[in-house]
Amino acid sequence: MHEENSTKTTQDPGEEPTTDSGRAADASPAGTQGALSLVPLATLVAVVGTAVRIAVLNVIAAVNDQELWDRLTSWDSKYYLEIARVGYFDADIHTDGPVYETTMAFFPGFPMLLRVLGWTGISLEVAALIVNTLLTVAMAAGVMVLAQRLGAGRRGQCAAAIVVSSAPMSIVFSMPYTEALFGALLVWGLVALDDRAWWRAAAFGFALSFVRLTSVDFLAVFALWVLIYGRRSWQAWLSLIVAALPLPAYLLWTQRYLAEAGGYFGIQTEHWHSTFDWGAATVRFVWEVLTEKNDVGYLLSVLVILGVPVLLVAAWGRLNPVAWWFSAALCANVLLSDGIMHSRPRLLLPAIILALPWAVRAAEALRPRELWLACSAWVLWSAWFSAYMLVVFEWAI
């Protein structure tokens with residue numbers, strides 16, 4: 001395998017030519033000009049998908065005598081909005097103990113972004129909707145680049161972007177949640193790793209580490225790629241360290257205040273039962289839902305929990321390797337931990353990139369009308385899924 005060095009080295013047969021920085025030379029138009037050419041189509045995909053999800057949510061909310069805006073700013077949204085307004089220590093949130101023992105479970109990246117946007121004078125809720133729509137556009141464009149590297153033409157790239165940006169539970173891309181920000185940074189970080197552009201990957205990894213704890217899954221793949229492709233390059237190792245810095249820094253900062261509560265992971269366990277248990281709680285939840293419970297929301301959660309590992313196995317050797325390894329790390333992180341089981345469809349959202357090979361294949365095999373009908377059905381199904389879990393299902397997402 002090619003290892004990055006300060007000078008060009010001999011390459012293995014079949015390997016793409018690389019520049020001295022380790023980036024695949026002309027592997028695809030993933031540079032500025034190529035990425036910008038994807039923006040119009042990515043914008044169409046993101047805006048139409050967002051409009052459909054909000055419209056379906058509005059209908060189901062009205063049927064259940066609920067307000068659309070209340071649903072779009074529900075559950076964890078209140079934590080992000082309050083942190084953005086007043087910080088971790090003065091949030092207006094009902095809790096039995098110090099408020100920061102709850103708020104510090106949420107990383108600062110997204111609230112910081114909202115606070116900056118709030119300086120323009122618009123409300124934080126509206127700012128979240130606008131910026132998350134723009135981030136969904138960025139995510140869709142990055143997915144199109146990954147699809148292009150699987151051999152997809154414009155139809156295949158568009159289908160891939162639709163599948164990812166309109167996955168089940170994708171309504172959170174329109175809410176004050178971190179999923180749109182995380183997804184946009186993630187896909188472009190994966191593109192950078194695929195290019196072996198270490199400093200570009202470091203920039204995306206650094207930003208990801210401010211957003212949520214599952215950034216550790218990206219960092220794990222980053223480390224794997226450095227070991228395989230850049231272990232003799234000090235730039236590669238340094239870029240990995242830079243990418244990881246915010247994660248331990250935030251955990252150490254919270255430890256100052258959360259020591260008596262067991263630190264960051266202590267409050268995760270206390271408030272959300274989130275702890276690594278080798279999958280025991282996940283297996284128990286699936287068994288109980290399939291044998292005892294009759295709530296559709298639980299069943300939908302189980303379908304995602306069971307479906308993602310199957311998709312992971314099926315995608316082996318078909319997907320961009322860097323995307324596959326990230327998805328594997330994410331699945332292990334989420335499915336082998338305890339926690340709120342019905343939040344799994346949201347936590348596993350990034351793993352929808354596992355479906356890219358089939359989106360690309362469908363674009364090649366189906367006639368245009370059949371493809372767009374299938375994509376429309378996917379968007380509507382996912383919109384209903386999102387709306388049901390947010391309106392009808394009574395528990396947190």
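**Transmembrane spans and aromatic contacts**

According to its unreviewed UniProt entry, this protein carries the annotation "transmembrane region" over residues 38-63, 116-146, 197-227, 234-253, 296-315 and 371-393. Please keep in mind that the model before us is predicted.

I shall take two of these spans. Residues 234-253 are 95% helix and 0% strand, with the end C-alpha atoms 28 Å apart. For residues 371-393 the figures are 96% helix and 0% strand, and 31 Å between the end C-alpha atoms.

Let me turn to the aromatic residues. The structure holds 28 aromatic pairs. One of them joins Trp253 and Tyr257, edge-to-face, at 5.5 Å centre to centre and 65° between the planes. These two residues are four apart in helix 12 (residues 246-258), and therefore about one helical turn separates them. Trp253 is partly exposed, because its relative accessibility is 27%; Tyr257 is likewise partly exposed, at 29%.

A further pair is Tyr298 with Phe393: the ring centres are 5.2 Å apart and the planes stand at 85°, so this pair is edge-to-face. Tyr298 belongs to helix 15 (residues 296-314) and Phe393 to the segment after helix 19 (368-392), so the pair ties together parts 95 residues apart in sequence. Tyr298 is buried at 14% relative accessible area, and Phe393 is buried at 2%.

Ring pairs also link a cluster, whose members include Tyr88, Phe89, Tyr100, Trp253 and Tyr257.

Finally, two arginines deserve mention. The charged end of Arg196 sits over the ring of Tyr229, 3.9 Å from the ring centre. That of Arg212 sits over the ring of Phe182, at 5.0 Å from the centre.

Technical notes: Residues are numbered from 1 along each chain as its sequence is written. This is a predicted model: local features need pLDDT of at least 70, side-chain atom pairs count only at pLDDT 80 or more; totals for chains, interfaces and linings use all residues. Side-chain values use heavy atoms; hydrogens and water are left out. UniProt positions are given in the numbering used here, feature names are shortened, and annotations may be inferred rather than shown by experiment. Rings of Phe, Tyr and Trp (its six-membered ring) pair if their centres lie within 6.5 Å; planes under 30 degrees apart count as stacked, over 60 as edge-to-face and the rest as tilted. Buried means under 20% relative accessible area, exposed over 50%, partly exposed in between (1.4 Å probe, protein chains only). A charge sits over a ring if NZ of Lys or CZ of Arg is within 6 Å of the ring centre and within 35 degrees of the ring normal.
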